[in-house]
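Reader: I want to learn how to read aromatic pairs in a structure. Can you take me through one?

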Amino acid sequence: MRFLIAAALFILSVFMLLFGLAERTIWAPPANYSETIEIKSPKPLALIPAATLAKHPGDPIVQISGAKPVFVASGREADIKAWIGISEFETVAFDDKSKKLNLKASIGAKNLDNPYGSDLWRSELKSSAFAELQISRAEEGAAIIASDGIKPLPSTLTIVWPIPHDLTRSNIFLIAGAVLLIGAFVMNYLAYRHMRKSRGPRRRTPTPPKPPRYKAKRNKANAPVRGRRSARRAFIAIPLSISLLGLTAGCSSDVKPSSSPSPSISAIDVPPVALTSGQVNKILRDVEKTAADADLVSDKKVLLSRFVGPALEQRTANYVLRTRSASVAKLPKIVASPISFSLPAATDAWPRTLMVVTDEKGDEALPQMLVFEQESPRSKYMLWYNIRLMPGAKIPEVPSSENGAIPVDIKSLFLKLAPEDIASAYGDVLNRGASSLSYGLFDLTKDEFYKQVSESQKSQVANLKTGTITFKHTLGSKNVISLSTSKAGALVAVYMSDTYVIKPKKRGSAVAVSGQEKVLLGADGSTRGVRSVYGDMMLFYVPALSDTAGIRLLGVTQGLVSVRSL
């Protein structure tokens, strides 16, 4: 018996091993599907739509060659079309009849821009003669190919769809087959050992004689019925009993009608998020490098590729101060990681917005909110605001970075105050305090900036005996950037311009300045008066109109912008 079990295990293991090997060899699918096209077109750009890449399952690999250089990038199809704009290009698609790749030309203007380095691309690759890039098909993923955006397209394009081969079943067969094979050898060994111990098969010994036993006779009434009738009755009894069981089961069970599923609520048509996490990281790394290079040489020209507006104005003023005085410290550096907060805009139009908070480990400076805006498809995400968050500031609940936030109009009437009016309203509160009409709109209980600035203004007015001083707070930039929060409020980045004008009361007297104002003015003071301008990059949380909470200041970065004599 043991030998039979060993033989059965051996046969079963052989079959399982053969099945496992067959899954990897003769039954394995092809390695990939591929389509190749020779491109003979003078156009500089080509679009591979999402529909073309979806010909086979999986994320395809795009290979291009035949030009110097060659460029391929992936991105959302709508974003690629927006970047191409009115330029002429080719569309790579499958022909309905031949089922092969072909080109469909689109007439347009000459393209004079290189697509390399655009913030719209999720991934990109540039090489000298050959390049291949795997394209993610998620969220309408498409591809763009080019040489340098001006020269004709590369001559050869190949799209490869790798076929995933799941080896789980093959591994199960191989492992189980190996285990059974080992079991067969073990069982065979045990059988052989048992046979050696018993020294061969045993002979049957004769049985001893048995005494006669009494057999009771059965009555006909108790004896079982034999013959054809009994078989027929048994044949009838079996289905009859089954039927009775079915009837009793049917009577005892409670049959409840299954309720039809309720109609599903259609999803709200929300615009897609403009940036992925990979794109955000790429933008931040570039901005960090640009800021570090510019800070090293104190050159405004280096900043122009990524800085604009208030962020550029304050950093440029700091460079001027540093070139005139070695005692002026550098501005805090901009870091790309770690990211503690990321909120891109959910939109398919332009301009597009991005808000990111980064906080370098070990840095004593407070976390910084970086606010970017992309003006058009071919422009970069430019840094408009670099705002240091206030101690203990808590950013309200916002949508996830995968969904993005909807941009808020600067004239929105659904907020407690329109974003474009926040700077002037907050400035009026700084000047007038509780007598301001806008005082009740703001939550000033933990606003240290308000307390320090308002007290400083009062003390300057009280202590200035030989001159007069006036304060004016206005909107410093029309580009107010706002993104919605989860509770119908908005995060608003705004630039407030603080203008301080000091004039002497009497002729012959002068107004003295010190510190950075003295460095920027290039003199100790002026007999006619001094006009100093500070810039405040500010981040506010503006609740919804129906909310009882007040507007809160979450962060501010103040810097001296200009000083001149009157």
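**Reading the aromatic pairs**

Author: A search of the whole structure finds 10 aromatic pairs. Keep in mind that this is a predicted model.

Reader: How are Phe19 and Phe173 arranged, stacked or edge-to-face?

Author: Look at the angle between the planes. Under 30 degrees counts as stacked. Phe19 and Phe173 have 25 degrees between their planes, so they are stacked. Their centres are 5.7 Å apart.

Reader: Where in the chain do Phe19 and Phe173 lie?

Author: Phe19 is in helix α1 (residues 2-24), and Phe173 is in helix α4 (residues 168-198). The pair links distant parts of the chain, 154 residues apart.

Reader: What kind of pair do Tyr426 and Phe540 form?

Author: An edge-to-face pair, with 70 degrees between the planes and 5.3 Å centre to centre. Tyr426 sits in helix α9 (residues 422-432) and Phe540 in strand β20 (residues 530-542), so the pair ties together parts 114 residues apart in sequence.

Reader: Is Tyr426 buried or exposed?

Author: Tyr426 is buried, with a relative accessible area of 1%. Phe540 is buried too, at 0%.

Reader: Which residues do ring pairs link into a cluster?

Author: Tyr426, Phe442, Phe449 and Phe540.

Reader: Which residue lies over the face of Trp350?

Author: Now we turn to charges over rings. Arg352 lies over the face of Trp350, 3.8 Å from the ring centre. For Trp83, the residue over the face is Arg378, at 3.8 Å from the ring centre.

Note on methods
Residues numbered from 1 in each chain as written. Predicted model: local features only at pLDDT ≥ 70, side-chain atom pairs only at ≥ 80, totals over all residues. Heavy atoms only, no water. Phe/Tyr/Trp six-rings, centres within 6.5 Å; stacked < 30°, edge-to-face > 60°. Helix = DSSP H or I, 4+ residues; strand = E, 2+ residues; numbered from the N terminus. Buried < 20%, exposed > 50% of the residue type's maximum accessible area, 1.4 Å probe, protein only. Lys NZ or Arg CZ within 6 Å of the ring centre and 35° of its normal.
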